Amino acid sequence: MNVLLLSIDSLRRDFLGVYRDRPVCLDYSVATPNLDAFAERAAVFDTHYAGSLPCMPTRREWQAGVQEFLWRPWGPMEPFDTSLALAAREAGVLTYLVTDHYHYFEHGSHGYYEDFNGFEFVRGNENDTWRTTPRDPDSDFLSQLVSQPDHDPHSLEFNERTQYARNAAGFDDESDFFAPQVFGAVENWLTDASEWDRWFCYVDSFDVHEPFHCPEPYASLYTDEDPRDPSLPLWPYYGRVDEGQSKLSDRELAFVRSQFAASVTMVDEWFGRVVDRLDETDAWDDTMVIVTSDHGFMLGEHGWIAKNQGPVYDIIANTPLLVWHPESPRMGDRVDALTSAIDLNATILEALGTPDASGPHSRSLMPLLRGETDAHRDWALYGYWGASVNITDGEYVYMHPCDPSARIDCHSTSMMNAYGYFTPPEPKPDAESGRFLPYTDTPVWRFSAGCYTQNEEPLLFDRRRDWVQECNLAGDDTETEVRMRDLLVTALDDLEAPDGQYDRLGLAR
Amino acid sequence: MPPVVECCVRNLTVSDRQRLDVIDASIRVAPCLEHCGTCRHEPFVLVDGSLHAGDEYEHALTSLGGDIE
């Protein structure tokens with residue numbers, strides 16, 4: 001069996017026709033005909049949840065099967081991890097990566113691409129440190145990317161938005177943009193792949209992640225505005241839409257939504273070309289195809305734009321998952337079972353014939369896909385290191401706040417930055433070392449950092465009746481709230497979470 | 001309306017967190033505010049979206065009432 005894993009970054013499930021007629025924040029539908037057509041032939045998972053957030057923590061869950069956010073934040077693969085690519089190639093499977101996800105190639109996240117037999121890296125998305133000219137990018141374009149009043153376009157510091165203005169300077173034709181390049185590379189590779197007996201191809205598309213920069217005809221599909229109006233943002237700052245650096249007017253927010261939608265439709269168009277190539281190469285009979293995303297993106301709901309800072313609402317956490325498996329009797333079905341991002345690790349390894357290589361926290365979805373069971377998990381845990389810890393049983397979602405004045409320990413074999421991942425790692429003179437992790441005998445460094453608030457009070461939602469999560473059921477210690485809080489403790493116990501997690505969450509073992 | 005003060009958890013010291021706790025403002029502590037160049041060298045705050053670092057940082061906290069002396 002071959003496996004094609006496609007991640008479409010930041011893809012909100014409610015933007016896909018298969019999940020919802022129209023997104024919750026829009027009064028118009030968004031065209032995703034190719035993803036919807038694929039969903040019709042696949043198993044559509046309705047209760048799939050992110051785990052460790054945001055981008056790179058999710059990728060370590062997929063690659064290594066480690067639910068890392070209880071122990072560390074965004075960081076590199078660890079020496080005790082077995083990546084999907086390593087396990088596959090040691091099982092005689094050719095491995096290939098196609099991506100424009102530049103985080104793989106910057107500070108803070110090494111170890112994710114090195115095990116592939118080959119990889120194609122499409123340069124230039126977001127802050128990828130690629131082009132250094134033009135020194136003075138087009139000012140109108142730059143003003144759509146940057147709104148910080150004190151911004152220095154000539155800054156040589158890290159994580160600079162001017163980088164994108166340089167990278168994308170001169171983009172004209174649709175084929176210059178990122179999703180077309182990434183999915184186009186996959187089209188080409190699939191033709192060549194037929195020379196190999198077995199393969200695993202991992203496609204990691206940074207689109208639809210911001211900046212929401214699209215060519216025509218997509219850019220004008222969902223707005224009457226001029227998409228190149230310098231006063232309209234393509235790249236919102238993270239935070240509240242009604243205050244501070246991230247503040248957006250109603251007009252600006254409507255435009256951001258339209259360009260997010262445009263990005264979704266552009267990705268869908270190019271995903272369709274990959275599907276066409278799978279048709280042309282008769283690949284469906286021996287290829288498992290998985291389409292998913294790492295997280296969603298708030299577009300003004302609950303007053304938040306983007307992710308990371310606010311509560312981890314289902315718009316962010318309840319991610320899309322579509323799976324085609326040629327031998328599964330569940331094709332064309334909706335799968336209601338609770339599943340987690342981390343489960344893709346064991347699923348892919350079982351499909352590739354090397355299930356023993358799966359990570360410590362992953363559970364294969366293959367019994368579900370074989371129709372052997374309709375149940376999978378009693379709980380799915382998710383969140384950001386240093387912030388709230390969230391749990392769902394598939395029916396309710398419970399978000400438990402942390403004490404923001406508490407400290408939290410970071411565990412890693414490297415002195416990774418606990419925050420500021422993209423910048424050079426700083427020495428940790430106070431770090432101690434030891435065998436602190438329950439899932440490996442390998443000693444790691446342990447050092448502490450601060451916490452932050454995503455929700456000040458517990459939040460509880462009935463996810464089936466209230467997907468947008470507007471009716472908070474927490475606050476009166478109802479039977480459901482107590483049960484979900486107890487379930488959170490059970491999950492932490494099962495994972496052998498560090499003592500410090502219980503302390504900062506105010507929970508007893 | 002009280003100002004909105006945004007700061008990055010990366011370089012927010014325990015004592016500065018205590019200072020922020022007593023000022024009359026909406027405090028937002030974020031994991032990243034995309035001022036990484038400043039952030040990796042020194043503390044900063046955004047007051048209603050404007051950057052205050054270095055001497056301005058101290059002045060901003062003091063003027064907002066964050067002097068705990």
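The questions and answers below walk through a predicted model, from its aromatic pairs to its backbone.

Visitor: How many aromatic pairs are there over all chains?
Guide: A pair of aromatic rings is described by the distance of the centres and the angle of the planes. Rings of Phe, Tyr and Trp pair if their centres lie within 6.5 Å. By this rule, the count over all chains comes to 34 aromatic pairs.

Visitor: Is the pair of Trp71(A) and Tyr439(A) stacked or edge-to-face?
Guide: The two ring centres of Trp71(A) and Tyr439(A) are 5.2 Å apart, and the planes stand at 80°. Planes over 60 degrees apart count as edge-to-face. The pair of Trp71(A) and Tyr439(A) is therefore edge-to-face.

Visitor: How many residues apart are Trp71(A) and Tyr439(A)?
Guide: Trp71(A) is in the loop between helix H2 (55–64) and helix H3 (84–90) of chain A. Tyr439(A) is in the loop between strand E17 (432–434) and strand E18 (444–450) of chain A. Both residues are buried. The pair links distant parts of the chain, and the two residues are 368 residues apart.

Visitor: Which helices of chain A hold Tyr164(A) and Phe178(A)?
Guide: Tyr164(A) and Phe178(A) form a tilted aromatic pair, 6.1 Å centre to centre with 45° between the planes. Tyr164(A) counts as buried at 1% relative accessibility, and Phe178(A) is buried with a relative accessible area of 2%. The residues lie 14 apart, Tyr164(A) in helix H5 (residues 162–167) and Phe178(A) in helix H6 (residues 178–193).

Visitor: Which residue has its charged end over the ring of Trp270(A)?
Guide: A charge sits over a ring if, for Arg, CZ is within 6 Å of the ring centre and within 35 degrees of the ring normal. Arg363(A) has its charged end over the ring of Trp379(A), 5.5 Å from the centre. Over the ring of Trp270(A), 3.8 Å from its centre, sits the charged end of Arg273(A).

Visitor: Within what arc do the buried residues of H1(A) fall?
Guide: Helix H1 (residues 33–41) of chain A has Leu35(A), Asp36(A), Phe38(A) and Ala39(A) buried. Seen down the axis of H1(A), these buried residues line one face of the helix, because they fall within an arc of 160°.

Visitor: Which residues are exposed on the other side of H1(A)?
Guide: The buried residues of H1(A) are covered by elements of chain A including strand E1 (2–8), strand E2 (43–49), helix H7 (250–280), strand E8 (287–292) and strand E11 (321–324). On the other side of H1(A), the exposed residues are Pro33(A) and Glu40(A).

Visitor: Is the crossing of H1(B) and H3(B) left-handed or right-handed?
Guide: Helix H1 (residues 14–21) and helix H3 (residues 55–63) of chain B pack at an angle of about 35°, with their axes 10 Å apart. Asp16(B), Arg19(B) and Leu20(B) in H1(B) meet Tyr57(B), Glu58(B), Leu61(B) and Thr62(B) in H3(B). H1(B) passes H3(B) in a crossing that is left-handed.

Visitor: What separates the C-alpha atoms of Trp304(A) and Tyr238(A)?
Guide: Trp304(A) lies in strand E10 (residues 304–306) of chain A and is buried, with a relative accessible area of 10%. Not counting residues up to four places away in sequence, Trp304(A) touches residues including Gly239(A), Arg240(A) and Val241(A). Tyr238(A) is 66 residues from Trp304(A) along the chain, and their C-alpha atoms are separated by 7.9 Å.

Visitor: What is omega near for the peptide bond from Glu210(A) to Pro211(A)?
Guide: Most peptide bonds are trans. The bond from Leu53(A) to Pro54(A) is cis, with omega near -5°, and Pro54(A) is found in the loop between strand E3 (52–53) and H2 of chain A. Pro211(A) lies in the loop between strand E6 (199–205) and strand E7 (239–240) of chain A. The peptide bond from Glu210(A) to Pro211(A) is also cis, with omega near 5°.

Visitor: What is phi of Ala306(A) near?
Guide: Most residues other than glycine have a negative phi. Ser10(A), in the loop between E1 and H1 of chain A, has a positive phi near 65°. Ser10(A) counts as buried at 0% relative accessibility. Ala306(A), in strand E10, counts as buried at 1%, and its phi is a positive value near 80°.

Definitions and conventions: Residues are numbered from 1 along each chain as its sequence is written. Chains are lettered from A and ligands numbered from 1 in the order in which they are written. This is a predicted model: local features need pLDDT of at least 70, side-chain atom pairs count only at pLDDT 80 or more; totals for chains, interfaces and linings use all residues. Side-chain values use heavy atoms; hydrogens and water are left out. Rings of Phe, Tyr and Trp (its six-membered ring) pair if their centres lie within 6.5 Å; planes under 30 degrees apart count as stacked, over 60 as edge-to-face and the rest as tilted. Helices (H or I, at least four residues) and strands (E, at least two) are DSSP runs, numbered from the N terminus. Buried means under 20% relative accessible area, exposed over 50%, partly exposed in between (1.4 Å probe, protein chains only). The arc is that of the directions from the helix axis to the C-beta atoms. Contact means heavy atoms within 4.5 Å. Axes are lines fitted to C-alpha atoms, for helices over the stretch in contact, and angles run from 0 to 180 degrees between N-to-C directions. A crossing is left-handed if the near helix is turned anticlockwise from the far one by less than a right angle, and right-handed if clockwise.
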